[in-house]
Amino acid sequence: MPITKYPRKAEPLWKEWDQKAQKNGLRHQVYSVSGDCYVGEWKDNTKHGKGTQVWKKTGAIYEGDWKYGKRDGYGTLSLPDPETGKNRRVYSGWWKGGKKSGYGIQFFGPKEYYEENGNRYEGQWHQGLKNGPGRFFHLNHGQLFEGFWVDDVAKGGTMIDFGREEAPEPTQFPIPQVEILDPDGVLEEALATFKKAEENQGD
């Protein structure tokens, strides 16, 4: 029986070039059409792993974790200060799906949040909004608000003086100390009410 040799099928060149163009692993600077620049890790042609993105239009810089092309994990967002030109940290914390999610700290500059400087929010975020327990430091006035937020709105909490003596613009009057005259009596009454409610549920 005669032996026939078939020529090996050659892959078209475009397939090889396309495979080389796929971004996987660590890459140096990759620029988009808009001029944005990304340096970091890739997976299946999307930003995935550790990386730094610089947006040309705004000058914003994000350094941190990425997952399938979106900010996901721990990262820091910075913006250029219009007066000094230096980058100013705006947010440090956790992200999910490109939005602030989990514990994070938001820093406010001189032209933000009622023109106060140095204020910050520390607490929980969900879908890019303050959601859950958190603390807002009004450092200009020497006050601290600790409470609970729902969709960026504080729903309840307490405001206390915090470093009021060192504040550059303290409030005219300090927040008065609120005290219960008979804390033991209030506690006993609350426990009695609780026990009565439990007994009623048992019946």
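Me: How many salt bridges does a search of the whole structure find?

Reply: The model is a predicted one. Searching the whole structure gives four salt bridges.

Me: Which residue does the side chain of R120 meet in a salt bridge?

Reply: R120 meets E122, with an N to O distance of 2.7 Å. The side chain of E122 also meets that of R135, at 3.2 Å, N to O. Because E122 lies in strand β8 and R135 in strand β9, this pair ties together parts that are 13 residues apart in sequence.

Me: Is E122 buried or exposed?

Reply: Buried means under 20% relative accessible area. E122, at 11% relative accessibility, is therefore buried. R120, at 23%, counts as partly exposed, as does R135 at 32%.

Me: What does the salt bridge between K130 and D152 tie together?

Reply: Their side chains meet at 3.4 Å, N to O. K130 is in strand β9 and D152 in the loop between β10 and β11, so the pair links parts 22 residues apart in sequence. K130 is buried at 9% relative accessibility, whereas D152 is partly exposed at 35%.

Me: In which sense do β8 and β9 pair?

Reply: In a regular strand, side chains alternate between the two faces of the sheet. Here β8 and β9 pair in the antiparallel sense over six bridges, and β9 pairs with β10 in the antiparallel sense over seven bridges. G134 of β9 is the bridge partner of G123 and stands opposite G147 in β10. Seven of the 10 residues of β9 are buried, so this strand is largely enclosed by the rest of the structure.

Definitions and conventions:
Residues are numbered from 1 along each chain as its sequence is written. This is a predicted model: local features need pLDDT of at least 70, side-chain atom pairs count only at pLDDT 80 or more; totals for chains, interfaces and linings use all residues. Side-chain values use heavy atoms; hydrogens and water are left out. Buried means under 20% relative accessible area, exposed over 50%, partly exposed in between (1.4 Å probe, protein chains only). Helices (H or I, at least four residues) and strands (E, at least two) are DSSP runs, numbered from the N terminus. Two strands pair if DSSP finds at least two bridges between them.
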